Every structure is written in C-alpha cells, then in structure tokens.
Amino acid sequence: MAAPMDREPGVLAHDPSDERWAAPPPPVARRVPRRRLPASVNLACFLLTVVTTLIAGTLLTLEDFTTGTLRDVVLTPRLWTIGLPYSLSLILILGAHEMGHYLMCRRYGIDATLPFFIPGPPLLGTFGAVIRIRSPFTGRRALFDVGVAGPLAGFVVALPILAYGVSRSTVLHHLPRQGDFDFPSCFLLDLAFRHLIHDLRPGQLIRLHPVVVAAWVGMLATFLNLLPVGQLDGGHMLYALSRRLHKPVSIAVIIGLIAGGLLLHGYHLILFGSLWAAIGPRHPPVVDETGTIGAARLLVALLALLIFILCFIPQSPRVL
C-alpha cells in the first residue's frame, strides 16, 4: 500500500491584493473654518467706539483730562455733543482706511469681514479699526492693491479734515498749562501750519482744534500701517514687490523701530517694534506667486512712500 503524499501547502484565506482587505488610507487633516461673527458684533464695536470717541472729543475740547471732569462727562451724555467733530472726523478716517481694504478684497474675490472698530481709553477714544481677511490672496497684484488701498483712502479723507482743523487752530500767546498734552508734529502737519496759520513764528505753540487731533491719529495710523513689516499694509506691498526682500527688510525695520524709539523717546515705536518682534516677520504665500505688479503699481508704491514720509511721527505725545 502506497504511503500517503504530503498535504499541499495551505492557501491564504484572503488575497492581499483584494481592495476589500487593503489597509485603510491615513486620515486627512481638514481645516475647519472659523465661524463668522454676526454683523451685530461689528455694530456693537462701532457704537461703543462712537461713545468712547465722543467722550475723548469732549475732553479734548474742554482741555481737561482730570478724573473729576472725566467722571462728569461720562455721566452726562448731553455733553457728548461737544465731542462730535472729533468723533465724526476720526471715525471717517479710520472707516475709509478699512473700507479701502474691504472693497478691494471684494473686487478680487477675497473673503474678508466688515471693519471692526476698537474702542479705547479717553485720551484718543479708540485703538483704530481692523478687518479680518479669511482667505488667501489670489496673486501679487491683489496683495499689493489690498495693502495700498487702505492707507490711500484714509489719507485722502484725512487731508480736508486736517486743513479744516488747522484753519481753526489758534496760536498760544501764553505758556501752556500744566497737564496739557503735546502732540508731536510731522512733515504734513508742519506744512499745514505754515500755509494755513498766518503770522506763525518759530517756537510758538499752537492750540490744536480737536479735529486736528483726529487727523493726527489718522496720520499716525497711516504711518504705522505703511511700515514694510510682516503683514502690515506696507508688508503686503513689499511682499508683492519682492518676496525675497520681505523678511530681511522686515527684520531691519523692527530693529530700527526699537532703536529709533529709544533714541527719540518714541514709545509707540518701541511698542510697535516689540509687538512685531514677537509676532515675527513672516508673510503667508499668495496663491499665484508668478507675474509682476506692473509699472503703474511701482508709481503707486512711490506715492505710498511719500505719504509714509509726510506722516512719519517719531515721538510720542507727552504731558507738559
């Protein structure tokens, strides 16, 4: 009787090539978009900023920032009408700046929020206004146009407000009182004083109309936003002009801000430089990095540089 043959090797129960038994694909991380805030938040921030700038304008008009006067003004809303010229002027300048960004985003199909006004303490009444851009920039031209539109719009609105306020400012024929605020000048303000105030002599002090202070805040915001740093308006423009130069120029400007602030007693320069040193000079890439911005935008960049120089405010306000 023949001996039994060895059994055939067993067959795998499942074929590895069978898609039913293939290893599952690794999970894909998906970015969940943040929920858009309702328009009521924008409205609430705007109304609160109206109140704080009305109070600030009232105190500027009364030229009294003592605690007692502040308490009386806050508790007496009928006095707030005194501060209406300052409040309206400042909100128009800041609103024009942010709407310039917003409308340019709409033109290029970039998702952006409506402006958020930020209320502030009684001296100025606001920390400015911002919009939040929620989608990437589509190209270098879009990045440049969105960046430059805000400062240009705010500057255009600030010019007639500045001229109106300077024409109603007066020369002081006595020494300033203790506790008065000294707002440092800039090239544009010096030009306005020279051409709109007659018989102004070197060294004389000027009693600023509150509307001039509103224009001063607008010029400060324009100067700071045009700094070629990070994701500021000037940083957007610089990245659109030269992606390679953006980071080294941003770092140099941050160092220059802190050093210049220490030398010139410009505490706002130190604060801004320190803030961007913490944030970093990084700028996110645009969707299409190819292409050029064109010769016309180079001329606009030179115009923005001129506005930056005119609005440059190296020193901070001080109490006399």
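The side chains of Arg 243 and Glu 289 come together in a salt bridge, 3.8 Å from N to O (a Lys or Arg side-chain nitrogen within 4 Å of an Asp or Glu carboxyl oxygen). Glu 289 sits in the loop between α9 (267-279) and α10, and Arg 243 in helix α8 (residues 243-264), so this pair ties together parts 46 residues apart in sequence. Keep in mind that this is a predicted model: local features need pLDDT of at least 70, side-chain atom pairs count only at pLDDT 80 or more, and totals for chains, interfaces and linings use all residues. Residues are numbered from 1 along each chain as its sequence is written, and side-chain values use heavy atoms, with hydrogens and water left out.

**Salt bridges**

- By the rule above, the count comes to four salt bridges.
- In the lead pair, Arg 243 counts as exposed at 53% relative accessibility, while Glu 289 is partly exposed at 25% (buried is under 20% relative accessible area, exposed over 50%, partly exposed in between, with a 1.4 Å probe and protein chains only).
- Another pair is Glu 63 with Arg 207, whose closest N and O atoms are 3.0 Å apart.
- Glu 63 lies in the loop between α1 (39-62) and α2 (67-74) and Arg 207 in strand β5 (residues 206-207), so the bridge ties together parts 144 residues apart in sequence (helices are DSSP runs of H or I with at least four residues, strands are runs of E with at least two, numbered from the N terminus).
- Both ends are partly exposed: Glu 63 has a relative accessible area of 32%, and Arg 207 comes in at 35%.
- Asp 111 bridges to Arg 134, with the closest N and O atoms 3.3 Å apart.
- That pair links distant parts of the chain, 23 residues apart: Asp 111 is in the loop between α3 (84-107) and β1, Arg 134 in the loop between β2 and α4 (140-167).

- Strands β1 (residues 116-119) and β2 (residues 126-130) run antiparallel and are joined by four bridges (strands pair if DSSP finds at least two bridges between them).
- Ile 118 stands opposite Gly 128 in β2.
- Six residues lie between the strands of this hairpin, where Gly 125 takes a positive phi near 90 degrees.

**Nonpolar patch**

- Phe 187, Leu 299, Leu 302, Leu 305 and Ile 309 make a nonpolar surface patch of about 520 Å² (residues with over 30% relative accessible area and no salt bridge, nonpolar side chains joined within 5 Å and like charges within 9 Å; areas by Shrake-Rupley with a 1.4 Å probe).
- Helix α10 (residues 295-311) gives the most to it, with four residues.
- Ile 309 is in helix α10 and counts as partly exposed at 40% relative accessibility.
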